[in-house]
Amino acid sequence: MFTLCAAMVIFSASGCDNNNTRNNNGAKWYSDFSYHWQYNENNQYENYAKHSFGTNHLCTTCGQSDPAFTSFVELSSEVKQYYAELENNNHTGQEFLADLRAFNNKKRTKYQTYDGMRYEYKYTDIDPLAGPGSPIISFYSNTKITVDWDGGATWNREHVWPNSRGGGKGSKLKPSGSRYVDADFHMPRPAVATENGSRNNKMYAKNAFDPGYKYPAYRGIAARIIFYCAMSDADLKIERVSNKTNTEPGYNCTMGNLTDLLQWNKDYLPSNSNNATLELRVEQNRNNVIQKKYQGNRNPFIDHPEYAFRVWGY
């Protein structure tokens with residue numbers, strides 16, 4: 001399992017090494033996501049190099065496990081069974097993205113309309129510790145929404161993947177007849193109207209819109225929703241850009257910034273602990289309720305954040 005140590009994520013079969021070191025054939029190594037290094041007797045860096053992972057998904061030099069093939073989250077036996085057919089899948093990149101898309105399409109057995117979602121957030125977007133009848137939790141701010149749908153006056157639905165960038169057109173279908181991703185419960189989130197409007201259609205990036213401006217864990221949560229959208233809808237893509245204007249190619253199907261999203265996914269991991277922050281508890285509740293009550297499918301990047309690194313690198 002992946003765990004956080006200070007400001008760095010450390011990988012090993014047994015979890016976190018508090019000294020940020022590992023031993024391989026007697027050598028003392030320090031490592032992070034992408035690189036390993038040693039120190040000499042003058043406490044200077046040496047042997048600094050990028051990991052080289054073998055077929056066993058371990059670095060051939062320092063022994064670190066490949067983050068793209070190591071689980072972050074402790075899953076229940078029921079959730080593990082959900083992913084059973086992917087267990088021995090060693091694909092990466094676009095090939096693995098296509099595998100996930102096919103898997104998701106098979107698992108999703110029911111559909112909800114975009115218009116109908118507004119009456120169901122009282123089940124999906126609540127604190128599971130508070131239980132049924134508790135307030136809806138607003139995306140970004142954790143504001144507790146205590147009023148029923150009032151036509152958008154108090155709260156509305158945040159298109160995590162914006163409409164104008166390919167996220168959807170309400171309940172309308174694409175010209176091909178397929179559904180936009182805003183007809184998928186895993187994407188739109190309830191949000192206080194004024195907070196939703198402050199984002200407009202900005203991309204998620206350090207130099208664009210920061211979804212964690214109030215609660216940092218929303219950076220990881222937003223990233224995993226964006227990853228899901230690009231997996232669910234083959235027309236959507238994520239690039240290492242912080243903006244595209246409506247005169248640029250790809251404006252209506254692109255989100256970013258992939259570099260920041262991958263970093264946030266790593267820095268703000270999911271958690272199914274009752275001690276997790278409110279927004280992370282809601283993330284887990286949504287995934288469970290959407291599967292069991294509404295669609296039959298889960299967001300795989302919540303259960304397996306490492307899948308994002310297998311598709312897009314790190």
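Author: Start with the aromatic pairs: by the rule used here, the count comes to 29. Rings of Phe, Tyr and Trp (its six-membered ring) pair if their centres lie within 6.5 Å; planes under 30 degrees apart are stacked, over 60 edge-to-face, and the rest tilted. The model is predicted, so local features need pLDDT of at least 70 and side-chain atom pairs pLDDT 80 or more, while totals for chains, interfaces and linings use all residues. Numbering runs from 1 along each chain as its sequence is written, and side-chain values use heavy atoms, without hydrogens and water.

Reader: What makes Tyr-30 and Tyr-39 an edge-to-face pair?

Author: Their centres are 4.8 Å apart and their planes are at 85°.

Reader: Why is Tyr-30 called buried?

Author: Its relative accessibility is 18%. Buried means under 20% relative accessible area, exposed over 50%, and partly exposed in between (1.4 Å probe, protein chains only), so Tyr-30 counts as buried. Tyr-39 has 30%, so it counts as partly exposed.

Reader: What makes Phe-33 and Phe-309 a pair, and which parts of the chain does it link?

Author: The centres are 4.9 Å apart, with 70° between the planes: edge-to-face again. Phe-33 sits in the loop between β4 (27–31) and β5 (35–39), and Phe-309 in helix α10, 276 residues apart. Helices (H or I, at least four residues) and strands (E, at least two) are DSSP runs, numbered from the N terminus.

Reader: How do you know whether Phe-33 and Phe-309 are buried or exposed?

Author: Phe-33 has 4% relative accessibility, so it is buried. Phe-309 has 3%, so it is buried too.

Reader: What puts Lys-266 over the face of Phe-33?

Author: The distance to the ring centre is 4.5 Å. The rule asks for NZ of Lys or CZ of Arg within 6 Å of the ring centre and within 35 degrees of the ring normal. Arg-157 likewise lies over the face of Tyr-114, at 4.0 Å from the ring centre.

Reader: Why is α7 called mostly covered?

Author: Of its 10 residues, 7 are buried. Among them are Leu-258, Trp-264 and Lys-266.

Reader: What makes a set of residues a nonpolar core?

Author: Its members are buried Ala, Val, Leu, Ile, Met, Phe, Trp, Tyr and Cys residues, joined through side-chain atoms within 4.5 Å. The largest one here has 55 residues; Phe-139, Trp-161 and Tyr-204 are among those that touch the most other members. Helix α6 gives the largest share, 12 residues.
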